[in-house]
Amino acid sequence: SHEAWRKFTPAEIDPELCMGRTWAGGIGGQCRHPRQGADCDLCVGHSTQDRWKVHGRVDGPIPDAKLREFERKAGIDMH
């Protein structure tokens, strides 16, 4: 499903924090670092070299390969 990433998204997203998604033990979480400012909703770490692209944004889809890792960790059969 194209919405499969939502299973690995926290119920509450804090707009004051970085919008980077984290592994969070395989359940998916929001980065706990502050955003850089009004013009950048990522922390320094997630914005450096586009590191946010590894797990995606907490308010958007997870890249396919990483989504499969989340699903494997959760024991979800992809077939």
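**Close-up 1. Ala24 in the loop between β1 and β2.** In this predicted model, Ala24 is placed in the loop that joins β1 to β2 (29-30). The phi of Ala24 is near 50°, which is a positive value in a residue other than glycine. Ala24 is partly exposed, and its relative accessible area is 39%.

**Close-up 2. Asp50 in the loop between α1 and α2.** The loop between α1 (44-47) and α2 contains Asp50. Phi is positive here too: for Asp50, a residue other than glycine, the value is near 50°. With a relative accessible area of 38%, Asp50 is partly exposed.

**Close-up 3. The buried face of helix α2.** Helix α2 spans residues 64-74, and Lys66, Leu67, Phe70 and Glu71 are buried in this helix. Viewed down the axis of α2, the buried residues fall within an arc of 145°, so they line one face of the helix. An α-helix has 3.6 residues a turn, so residues three or four places apart point the same way. Among the elements that cover the buried residues of α2 is β1 (21-22).

**Close-up 4. The other face of α2, and the residue that follows the helix.** Arg72 and Lys73 are exposed, and they sit on the face of α2 turned away from its buried side. Gly75 follows α2. The phi of Gly75 is positive, near 75°.

**Close-up 5. The aromatic pair of Phe8 and Phe70.** A search of the whole structure finds 2 aromatic pairs. One of them is formed by Phe8 and Phe70, with 5.1 Å centre to centre and 35° between the planes, a tilted arrangement. This pair links distant parts of the chain, as Phe8 belongs to the segment before β1 and Phe70 to helix α2, 62 residues apart. Phe8 and Phe70 are both buried.

**Close-up 6. The aromatic pair of Trp23 and Phe70.** Trp23 and Phe70 also form a tilted aromatic pair, with 4.6 Å centre to centre and 40° between the planes. Distant parts of the chain are linked by this pair: Trp23 is in the loop between β1 and β2, Phe70 is in helix α2, and the two are 47 residues apart. Trp23 is partly exposed, with a relative accessible area of 28%, whereas Phe70 is buried, with a relative accessible area of 0%.

**Close-up 7. The cluster of three rings.** Phe8, Trp23 and Phe70 are linked into a cluster by ring pairs. Phe70 takes part both in the pair with Phe8 and in the pair with Trp23.

Definitions and conventions:
Residues numbered from 1 in each chain as written. Predicted model: local features only at pLDDT ≥ 70, side-chain atom pairs only at ≥ 80, totals over all residues. Heavy atoms only, no water. Buried < 20%, exposed > 50% of the residue type's maximum accessible area, 1.4 Å probe, protein only. Helix = DSSP H or I, 4+ residues; strand = E, 2+ residues; numbered from the N terminus. Arc of directions from axis to C-beta. Contact = heavy atoms within 4.5 Å. Phe/Tyr/Trp six-rings, centres within 6.5 Å; stacked < 30°, edge-to-face > 60°.
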